[in-house]
Amino acid sequence: DGESVVGPSLRDFAGSGLVHLVGGVGALCGAIIVGPRAGRWEEEKETEFEGHSIPFCVLGTFFLWFGWYGFNPGSTLSMH
């Protein structure tokens with residue numbers, strides 16, 4: 001009937017809710033297990049750490065973009 005106790009039912013398109021939940025929990029667990037970088041919070045080594053690597057930021061953006069374009073059209077094709 002499309003209704004639940006609290007209102008309209010939720011339709012999880014292509015399992016995206018579960019995918020993002022598992023990815024987020026995995027990332028949180030990985031960050032807790034690995035911990036901060038060695039020497040990250042020592043004042044004498046403060047200037048040794050660089051904030052970001054522009055080439056890696058661009059490469060990561062490209063990977064996310066490519067994956068998004070691969071996943072979304074494939075999911076849309078399977079809609080009923």
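A salt bridge is a side-chain nitrogen of Lys or Arg within 4 Å of a carboxyl oxygen of Asp or Glu. The model is predicted, with local features needing pLDDT of at least 70 and side-chain atom pairs counting only at pLDDT 80 or more, while totals for chains, interfaces and linings use all residues. Residues are numbered from 1 along each chain as its sequence is written, and side-chain values use heavy atoms, with hydrogens and water left out.

**View 1. The nonpolar patch.** A nonpolar patch on the surface is formed by Phe56, Leu59, Phe62, Phe63, Trp65, Phe66, Trp68 and Tyr69. Together these residues have about 980 Å² of accessible area (Shrake-Rupley method, 1.4 Å probe; for residues, only the protein chains shown count as cover).

**View 2. The whole chain.** Two helices and two strands make up the secondary structure, in the order β-β-α-α along the sequence. Helices (H or I, at least four residues) and strands (E, at least two) are DSSP runs, numbered from the N terminus. Of the 80 residues, 4% count as buried (under 20% relative accessible area; exposed is over 50%, partly exposed in between; 1.4 Å probe, protein chains only). The accessible surface of the chain comes to about 7500 Å², and carbon and sulfur atoms account for 69% of that area.

**View 3. Helix 1 and its end.** Helix 1 covers residues 16–34, 19 residues in total. From first C-alpha to last, helix 1 reaches 27 Å, close to the 27 Å expected (1.5 Å times one less than the number of residues). Just after helix 1, Gly35 takes a positive phi of about 80°.

**View 4. Aromatic rings.** Rings of Phe, Tyr and Trp (its six-membered ring) pair if their centres lie within 6.5 Å; planes under 30 degrees apart count as stacked, over 60 as edge-to-face and the rest as tilted. The count comes to five aromatic pairs. The ring centres of Phe62 and Phe66 are 6.1 Å apart and the planes stand at 25°, so this pair is stacked. Both residues lie in helix 2 (residues 54–77), four residues apart, about one turn of the helix. Phe62 is partly exposed at 41% relative accessible area, whereas Phe66 counts as exposed at 57%. Trp68 and Tyr69 form an edge-to-face pair, 4.8 Å centre to centre with 80° between the planes. One aromatic cluster is formed by Phe62, Phe63, Trp65, Phe66, Trp68 and Tyr69.

Key. Patches are made of residues with over 30% relative accessible area and no salt bridge: like charges are joined within 9 Å, nonpolar side chains (Val, Leu, Ile, Met, Phe, Trp, Tyr) within 5 Å.
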